[in-house]
Amino acid sequence: MPLTLFKSDELIPERKKHVYIKAPGEDITEFLPLSNEETIPGTLSERGCAFCGAKLVIGGVLKDTIQMIHGPIGCAYDTWHTKRYPSDNDNFQLKYVWSTNMKESNVVFGGEKQLKASMIEAFKEMPDIKRMFVYTTCATALIGDDPKAVAKQVEKELGDVDIFVVECPGFAGVSQSKGHHVLNIGWINEKVGTVEPEITSEYTVNLIGDYNIQGDAYVLHGYMEKLGIQIVADFTGNATYDECRSMHRAQVSVVNCARSAGYLANELNKRYGIPRLDVDTWGFSYTAEALRKVGVFFGIEDRVEALIEEEMEKYKAKMDWYKERLSGKKVAIWTGGPRLWHWTKALEDDLGMTVVAMSSKFGHQEDFEKVISRGHEGAIYIDDANELEFFDVLEMVHPDVVFTGPRVGELIKKVHLPYVNGHAYHNGPYMGFEGAVNMARDIYNAVNSPMMKLAADDIVAQSKAIISGSF
Ligand code: CFM
């Protein structure tokens with residue numbers, strides 16, 4: 001059964017091109033669901049906007065940078081405090097939100113004056129901070145404000161600040177994916193190569209596409225430290241603005257989220273000859289494989305093997321405990337895109353689970369190629385799924401647990417299914433060996449939580465009471 005029309009899509013038959021069920025003997029050269037296309041009107045997409053992809057996903061992670069959002073207040077508020085990326089800078093980036101708070105009169109008469117005033121005010125309020133990202137939004141892009149010109153004026157007036165402007169309003173693309181792209185290319189064009197790092201090791205890497213979700217980057221940084229490898233920059237988990245300006249000096253780019261930051265790795269390769277090494281760092285087998293790739297690159301295989309052995313010693317027995325209890329459970333994954341291919345085989349190999357359905361909000365063709373080739377027959381793959389399709393899938397595959405975000409998670413809870421936060425995690429980190437155990441623990445706790453049963457009982461009791469008139 002290749003491309004498939006769900007029951008709920010009878011009135012939008014175009015959706016058929018976005019749903020694929022892997023059949024025996026087929027491969028990805030025959031079928032791929034359509035992706036990275038405009039959402040079909042009426043399907044109620046779960047996607048984010050292009051501005052959000054730039055600000056919330058990548059720029060906002062930097063630990064020493066003011067994120068000035070040039071637009072109505074909602075664009076700032078809605079991309080503040082909804083992601084969990086800590087830093088060792090006292091979580092500066094999580095505490096504050098900055099906006100030019102565009103009002104109707106600014107829209108009518110132009111917002112540049114307001115932008116300049118807000119930028120100067122923000123720097124004055126935070127005298128220790130000397131770096132800033134400025135983002136345009138739909139409103140300010142439509143009226144034609146020129147934030148780059150304003151940034152130049154502010155840099156000149158203040159003298160000691162550096163500003164990066166991201167011109168990627170919400171409407172710039174079909175999803176948040178466009179924001180990743182615009183920010184990546186802007187950064188390499190304007191900022192990479194403008195700071196020289198201090199090199200302290202004969203082995204140097206860029207980590208690319210890891211955003212320190214609940215401390216993921218800390219786990220990877222710990223491994224690099226044990227291996228004696230210097231991280232020139234992590235784009236952008238727990239990173240500073242200036243570290244990311246010095247990425248041109250690393251020997252290799254180790255790429256985690258290829259979707260959001262593969263563009264930058266490719267440009268570093270083209271412009272500076274830095275090779276790109278793609279890895280997966282969720283799950284036991286993948287983490288070991290990732291470390292081995294790095295080991296081979298630098299010729300430090302012995303150190304890597306010692307590290308893997310040490311970690312296995314610490315975590316393998318715990319993982320096996322969960323494997324015994326989670327084997328055979330069915331999982332659905334509904335996240336952005338990359339986590340589908342990072343997780344599908346990892347959950348099956350490490351925990352014996354079966355991944356039965358996956359939905360990607362904004363993955364491109366290459367993401368579907370990766371996930372479908374790693375998945376098994378009968379698995380369902382959907383691009384940009386909507387709510388009703390989710391319900392169809394639940395009926396078709398009856399997962400024991402769903403990985404998704406809090407928004408879809410609320411729906412999942414209402415049908416009394418366990419849910420694990422696949423974007424920001426329940427109790428991470430989830431990367432590396434220790435992360436794999438945390439993830440297994442959260443799945444185990446979700447699957448075995450008495451809450452779902454109690455909620456179901458409660459509904460039965462309430463319905464009985466309503467029928468008998470005693471409610
Ligand atoms: Fe990369 Fe990400 Fe993801 Fe992503 Fe995202 Fe995310 Fe995601 Mo939520 S950068 S593409 S835009 S791995 S926020 S940390 S979890 S949808 S699969």
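Predicted model: local features only at pLDDT ≥ 70, side-chain atom pairs only at ≥ 80, totals over all residues.
**The six-stranded sheet**

Six strands make up an open sheet. Their order is S1-S12-S11-S10-S13-S14. The pairing is mixed. Strand S1 (19-21) and strand S14 (419-421) stand at the edges. Each has a single partner strand, so one side of each has no neighbour in the sheet. From one strand to the next, the twist averages 15 degrees.

Three bridges join S1 to strand S12 (residues 380-383). S1 and S12 run antiparallel. Within this pair, Val19 stands opposite Ile382 in S12.

Helix H15 (residues 365-374) lies across S1, strand S11 (354-360) and S12. Helix H15 runs at about 170 degrees to S12.

**The four-stranded sheet**

Four strands form another open sheet, in the order S7-S6-S8-S9. Here the pairing is parallel. Which strands stand at the edges? They are strand S7 (230-236) and strand S9 (276-278). Each pairs with a single partner strand, so one side of each is left without a neighbour in the sheet. Neighbouring strands of this sheet are turned by 25 degrees against each other on average, direction ignored.

Strand S8 (residues 252-255) is joined to S9 by three bridges, and the two run parallel. Val255 in this pair stands opposite Asp278 in S9.

**The two joined pairs**

| Strand pair | Bridges | Direction |
|---|---|---|
| S1 and S12 | three bridges | antiparallel |
| S8 and S9 | three bridges | parallel |

Strands of a sheet pair through backbone hydrogen bonds, and the pairing can be parallel or antiparallel.

Terms used
Residues numbered from 1 in each chain as written. Heavy atoms only, no water. Pairing = 2+ DSSP bridges. Axes fitted to C-alpha atoms, helices over the stretch in contact; angles between N-to-C directions. Contact = heavy atoms within 4.5 Å.
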